[in-house]
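The sequence and the model are shown first, and the description follows.

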Amino acid sequence: RDRAIDVGMGGGLVVDTQGRLVGLTGPGADHASSTSVLTELLRGRGIDASLAPYDRNYRTGLDRYFAGDYGQAVTFLRAVVDTAPTNGQAAEYMVSATGHGELPTGDPSILVVIAWICAGITVLTVATLVTVRRRQSTKVDDPDSQQR
């Protein structure tokens, strides 16, 4: 249903007291059209007004962030930043969620890097132990080393 608005207020969003979008005004218009009227108009022309994957990832990332599920927030917000690197707000929330010490869930690349680091540390430790033992056994077997 249409509502009268003040002259000069055209060209914007109309929200209710809970912050929900309830209508839109056109530039220079003296009335607002409800979102239900606009949705029906779009559907009548074959236009789907659903969210794109980018928007769903952004909303889900923010929802997860504010719910305290920082691992999931990082996963969804990283998808947003990968799609739109100039989205500074998504990047800031992603960094903040990462700062809570959470690894992104569902992101195997991080786990692979951690596994490689652990494997590298293990190999270096074993190699050092083998080298030290060989040097110790060489000193015991070397008759010249016992006379010094």
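Is Val 80 buried or exposed? With a relative accessibility of 0%, Val 80 counts as buried, where buried means under 20% relative accessible area, exposed over 50% and partly exposed in between (1.4 Å probe, protein chains only). The model is a predicted one, in which local features need pLDDT of at least 70 and side-chain atom pairs count only at pLDDT 80 or more, while totals for chains, interfaces and linings use all residues. Residues are numbered from 1 along each chain as its sequence is written, and side-chain values use heavy atoms, with hydrogens and water left out.

## Overall architecture

The secondary structure of the protein consists of 6 helices and 4 strands; these are DSSP runs numbered from the N terminus, with helices being H or I of at least four residues and strands E of at least two. Starting at the N terminus, the order of elements is β-β-β-β-α-α-α-α-α-α. Of the 148 residues, 16% count as buried. The accessible surface amounts to about 11100 Å², and 58% of it belongs to carbon and sulfur atoms; such areas come from the Shrake-Rupley method with a 1.4 Å probe, and for residues only the protein chains shown count as cover. Among contacts (heavy atoms within 4.5 Å) with a separation of 6 or more, 37% are accounted for by residues 24 or more positions apart.

Axes are lines fitted to C-alpha atoms, for helices over the stretch in contact, and angles run from 0 to 180 degrees between N-to-C directions.

| Helix pair | Angle | Axis separation |
|---|---|---|
| Helix 2 and helix 3 | about 150 degrees | 8 Å |
| Helix 2 and helix 4 | about 35 degrees | 11 Å |
| Helix 3 and helix 4 | about 150 degrees | 9 Å |

The crossing of helix 2 and helix 3 is left-handed, a term used if the near helix is turned anticlockwise from the far one by less than a right angle, and right-handed if clockwise. Residues of helix 2 in this contact include Tyr 54, Asn 57 and Tyr 58, and those of helix 3 include Phe 76, Leu 77 and Val 80. By class, the contact of helix 2 with helix 3 has 10 nonpolar, 5 polar and 1 charged residues. In this scheme Ala, Val, Leu, Ile, Met, Phe, Trp, Tyr, Cys and Pro are nonpolar, Asp, Glu, Lys and Arg are charged, and the others, Gly among them, are polar.

Helix 3 and helix 4 are likewise roughly antiparallel to each other, and helix 3 passes helix 4 in a left-handed crossing. Their contact involves, among others, Ala 73, Leu 77 and Val 80 of helix 3 together with Ala 90, Tyr 93 and Met 94 of helix 4. This contact has 11 nonpolar, 1 polar and 1 charged residues.

Helix 2 and helix 4 also have a left-handed crossing. Tyr 58, Leu 62, Tyr 65 and Phe 66 of helix 2 meet Gln 89, Ala 90, Tyr 93, Ser 96 and Ala 97 of helix 4. The classes here are 7 nonpolar, 2 polar and no charged residues.

## Individual residues

Val 80 lies in helix 3. Apart from residues up to four places away in sequence, Val 80 touches Tyr 54, Asn 57, Tyr 58, Asn 87 and Ala 90. The C-alpha atoms of Val 80 and Pro 53 are separated by 9.1 Å, although the two are 27 residues apart along the chain.

Asn 87 is placed in the loop between helix 3 and helix 4 (88–99). It counts as buried because its relative accessibility is 15%. Beyond neighbours within four places in sequence, Asn 87 is in contact with Tyr 54, Tyr 58 and Val 80.

Tyr 93 belongs to helix 4 and is partly exposed, with a relative accessible area of 23%. Leaving out neighbours within four places in sequence, the contacts of Tyr 93 are Leu 62, Tyr 65, Phe 66 and Leu 77. Tyr 93 and Tyr 65 are 28 residues apart along the chain, and their C-alpha atoms are separated by 7.7 Å.

Notes
Parallel < 35°, antiparallel > 145°, perpendicular 65-115°, else oblique.
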